[in-house]
4 protein chains.
Amino acid sequence: MATIGFVGLGNMGGHMARNLVGAGHELKVFDLVPELMESVTGAAGQASAADTAASVDVFISMLPAGRHVAGLYNDVFDAFAPNTLLIDCSTIDPETARSVAQQAEQHGLDMLDAPVSGGTAGAEAGTLSFMVGGSDAALARANELLDVMGANIFHAGPSGAGQIAKVCNNMLLAIHMAGTAEALALGVNNGLDPAVLSEIMKQSSGGNWSLNVYNPYPGVMEGVPASRGYAGGFLVDLMTKDLDLAMDTAAQSRSSVPMGSLAKNLYRVHQQNHDSGGLDFSSIQLLYKPDLNEG
Amino acid sequence: MATIGFVGLGNMGGHMARNLVGAGHELKVFDLVPELMESVTGAAGQASAADTAASVDVFISMLPAGRHVAGLYNDVFDAFAPNTLLIDCSTIDPETARSVAQQAEQHGLDMLDAPVSGGTAGAEAGTLSFMVGGSDAALARANELLDVMGANIFHAGPSGAGQIAKVCNNMLLAIHMAGTAEALALGVNNGLDPAVLSEIMKQSSGGNWSLNVYNPYPGVMEGVPASRGYAGGFLVDLMTKDLDLAMDTAAQSRSSVPMGSLAKNLYRVHQQNHDSGGLDFSSIQLLYKPDLNEG
Amino acid sequence: MATIGFVGLGNMGGHMARNLVGAGHELKVFDLVPELMESVTGAAGQASAADTAASVDVFISMLPAGRHVAGLYNDVFDAFAPNTLLIDCSTIDPETARSVAQQAEQHGLDMLDAPVSGGTAGAEAGTLSFMVGGSDAALARANELLDVMGANIFHAGPSGAGQIAKVCNNMLLAIHMAGTAEALALGVNNGLDPAVLSEIMKQSSGGNWSLNVYNPYPGVMEGVPASRGYAGGFLVDLMTKDLDLAMDTAAQSRSSVPMGSLAKNLYRVHQQNHDSGGLDFSSIQLLYKPDLNEG
Amino acid sequence: MATIGFVGLGNMGGHMARNLVGAGHELKVFDLVPELMESVTGAAGQASAADTAASVDVFISMLPAGRHVAGLYNDVFDAFAPNTLLIDCSTIDPETARSVAQQAEQHGLDMLDAPVSGGTAGAEAGTLSFMVGGSDAALARANELLDVMGANIFHAGPSGAGQIAKVCNNMLLAIHMAGTAEALALGVNNGLDPAVLSEIMKQSSGGNWSLNVYNPYPGVMEGVPASRGYAGGFLVDLMTKDLDLAMDTAAQSRSSVPMGSLAKNLYRVHQQNHDSGGLDFSSIQLLYKPDLNEG
């Protein structure tokens, strides 16, 4: 069993930390909100991030944005014992991820960027997917702990590659979700039954994750947000945040991302016109069928 | 066994007619190009479409566009024996499909719109998918013949619904193909291996038909057009034609289709800038990674 | 003074006909709605379009769409006296315009397509702009009458060119209107005064017709629809109709029109989400700043 | 006459500094490239930025990006004499502009963000436009010097507002340039003469700066880049840089910018597919009419 420092105990981090405690690891935890530290029963709350970094085998962070990650590690690099393994599970811009990993290297420390997908439900159930950037050796050291928190571990490449894989995946997700909602609305506007059309496209070349397992049209599929008023799920506010990261990544590499950019802007229009930031991201269906809103 | 009239023996229709002959049906065929009639061994070439329509149980058409279909049926309605079943397998605008079906009804005839997907390979192998619009009764009569030519038969709804299902499906296909090419280019531009990134997204929420079975990035997947210089396959020229139909369908129903419209226009830009009308539609990858062209 | 047949006395046609009467011409008029014929004081209402076509020097039509124009001329070609000059002022697809002009030529008649811009206010004031397709000779014959109804006459080219010029112009108009609304919202969201920002961009390279004379932001410019609750003006429903024609024209010529397509789809989203078909087209501002709606 | 420190003597800054010398001001200049310092005859080259900041009335900077500006001022704040007026003419992200201005205020110094438009030709001729953010008092102090370097001075608002006005303007410029190229290509593809169509749209509601004074179609207008092989002018590489800033500004304010995003991505596609980064930005015409490239 390992001694683990864990910083950032919000909606995701709290569940992840509890799963590590449950697997028998010794946890030192820190969050700016004291109540969140108390919520991880069996873990030792700390007075500061630096205290949390000291004398641990592995240090895990789960924070909202790149500036928080950069700020945190800047504060704690000197506190780490030699050979501490660093794992940042935050979803941030690849540039910051690479820069922090570089500093870690200069301190002689292994670091992984390991953003997750699967949402709070996946975090609670320990079934997250990790997209990991860093060396094979570092990942080998992390594997057992990632297995506690998740069900799938993908090695995307060197430092930063985990973040890049995540923004690519989520950009593509936004594209086919918007596209699926658009195709379903087009069919319905022309008299088709959305369930029949969905079934046809699933078995044809239109098939995609949004259509197959997360249908955005109300009433087509049981157990998805669309069938419970778009109560999330993966919120529009979080999808737009991930799409901002994708756009940054594209700008820095001078990549053209016309489809992703349009999807992002449709999400922005939806967010503003339907005050839908707190709804599941499949609610983009409402932008194409605003009359569903009045049902 | 049925007596079948078949008009339109091009890349698709020729294979379909040969499969019907192979299954033991008696075929009367017509095409403006005499050689194409000769290519259907065992079928009886006719002097006109009207001759082909006379004294058959079932009449099948496979033509390029709505105006050809409207023109054909206008010429042959009076030639049909009572109770002839009409099946138009052309991909055309839903409005023309509905209008021709209405005329059929006025002549007391059952008619189906039954556009296909699966390409020339599917036509040859008899594994096409049919998306069918028309009555249950008419489809019940057609089922055995459609089974000879295809592997999947989807009943989309009343007359025209087959065409609508097809344009919805193909619009969604264009969207996730462009999106997949875009996401892969973004990853590669940031140092990721396209095969690794593809594998991650397939197992995550980015998964879609284009990524899963028709990967557009050269070298990632064996046996797809991307791995043989985009030799098609489903040509860019045909995809843009289908997208034109989708845009018409959207205009007539006042539907918003921003993602589909952008995908269509990216295909147009690709077509013009890379002279790629004769390449497989996965070659949209070249628009995002023009340097692949020089490899 | 000429004897003129005039068919189509709606919001635009009625004003145009009244201006011709006011200039001393003898008018024979027809509309399916009898009240509209009565509204043109001094004109002789007719029992049919064919009656209106007979025994006139010039025949003018102003109808909603291509199918109406094709239908009308199909009905009246045989009624025209030799040498009647035909002027279709409807905004329709270039293909129909060319086809009808070709039929006119086969009947030995000169025909112009002469769609207008300037709206009902321009129609009433006689200050319309005409974009004319047809021969120099035909335009020379029409000039005096067009001058009565309008202030600007542009000769775009041969038959159909008037329609093409109009769809190009209106597509560009939609693009810079949406772009102007977008730029103003971006500035305001970042603390700028919309009037100050408008003034700067007008005097810089951002300048365009929408910004300079038809500012879409409420309160910036007096006397425009934006400053009276977007009471039109040039309605969203009419702009989307013109954009549909532009998209058709693009599809037929295999032109890529990504910016125009997106503008059209944003107008569709706006139309559906704000029930704004009856508002002036500058109301696209509300899509970018939905909070203006609650002011 | 003032004593002025000037840092950044590239394509723009060199001309601006020479104009200030020409107007009789005493200049201390610094650039990392010694030759550039020598090119400003009559100015005193310095060994460092800090030396340039010391003992001057006004300090002007003209640098490529936000990180350079932040870095420069971080190094020189302590070198300024009390009451030195700071003017940053770089085009950078509004967030950095505001942050540096805030630091200036903490040092008791007035600061303006004053990005320019007008290109190297405007810089040489002293006819630049300045979009200024900062206090009235600071602008009053700067006016005389800005008048030497430019022809138009716009006060956009408080600190950062100059940058915001510039990104809004340039985003709108990119939109109507792409839109104008698109409308012209649509017309030409349908048989219209680009010069005739341009003239019609200029006098109609399609009018905009790109069409009116910077026509992107070769041969329509004399003296513009389009009529000299798109030799530039305002380079595609610079336009994409400005559009990146616009996208950042939109992301930070959660603004939707679908038209601007698409324009940006079309420029990226153009840049990559035609290797056109070094061409004038009106060369986007080539994306719509690639056959012009072979003329």
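Copies are superposed by least squares on the C-alpha atoms of residues with pLDDT of at least 70 in both. This is a predicted model: local features need pLDDT of at least 70, side-chain atom pairs count only at pLDDT 80 or more, and totals for chains, interfaces and linings use all residues. Residues are numbered from 1 along each chain as its sequence is written, with chains lettered from A and ligands numbered from 1 in the order in which they are written.

**View 1. Chains A and C about their axis.** Two copies of a chain are related by a rotation about an axis and a shift along it. Here, a rotation of 180 degrees with 0.0 Å of shift along its axis places chain A on chain C, at an RMSD of 0.1 Å. That is the relation of a two-fold axis. In chain A, A:Asn273 has the C-alpha nearest the axis, 3.9 Å away. Both copies use the same surface: 100% of the contact residues of chain A recur in chain C (contact: C-beta atoms, placed from the backbone, within 7 Å).

**View 2. The contact between chains A and C.** Five residues come from chain A and five residues from chain C. On the chain A side, helix H12 (residues 258–273) gives the most, with three residues. Helices (H or I, at least four residues) and strands (E, at least two) are DSSP runs, numbered from the N terminus. By class, this side of chain A has three nonpolar, two polar and no charged residues. Ala, Val, Leu, Ile, Met, Phe, Trp, Tyr, Cys and Pro count as nonpolar; Asp, Glu, Lys and Arg as charged; the others, Gly among them, as polar.

**View 3. The contact between chains B and A.** Chain B supplies 55 residues and chain A supplies 55 residues. Elements of chain B that give two or more residues to this side include strand E8 (128–133), strand E9 (150–157) and helix H9 (194–202). The largest share, 19 residues, comes from H8(B). The chain B side has 30 nonpolar, 23 polar and two charged residues.

**View 4. B:Arg67 in its helix.** B:Arg67 sits in helix H4 (residues 66–76) of chain B. B:Arg67 counts as exposed because it has 12 C-beta neighbours inside 10 Å. The cut-offs are 20 or more other C-beta atoms within 10 Å for buried, 12 or fewer for exposed, and partly exposed in between, with C-beta atoms placed from the backbone. B:Gly118 lies 51 residues from B:Arg67 in sequence and 23 Å from it in space, C-alpha to C-alpha.

**View 5. The fold of chain A.** Chain A holds 13 helices and nine strands. Buried residues make up 63% of its 295 residues. The C-alpha trace of chain A spans about 65 × 45 × 35 Å along its principal axes.

Methods:
Two residues are in contact if their C-beta atoms, placed from the backbone, lie within 7 Å.
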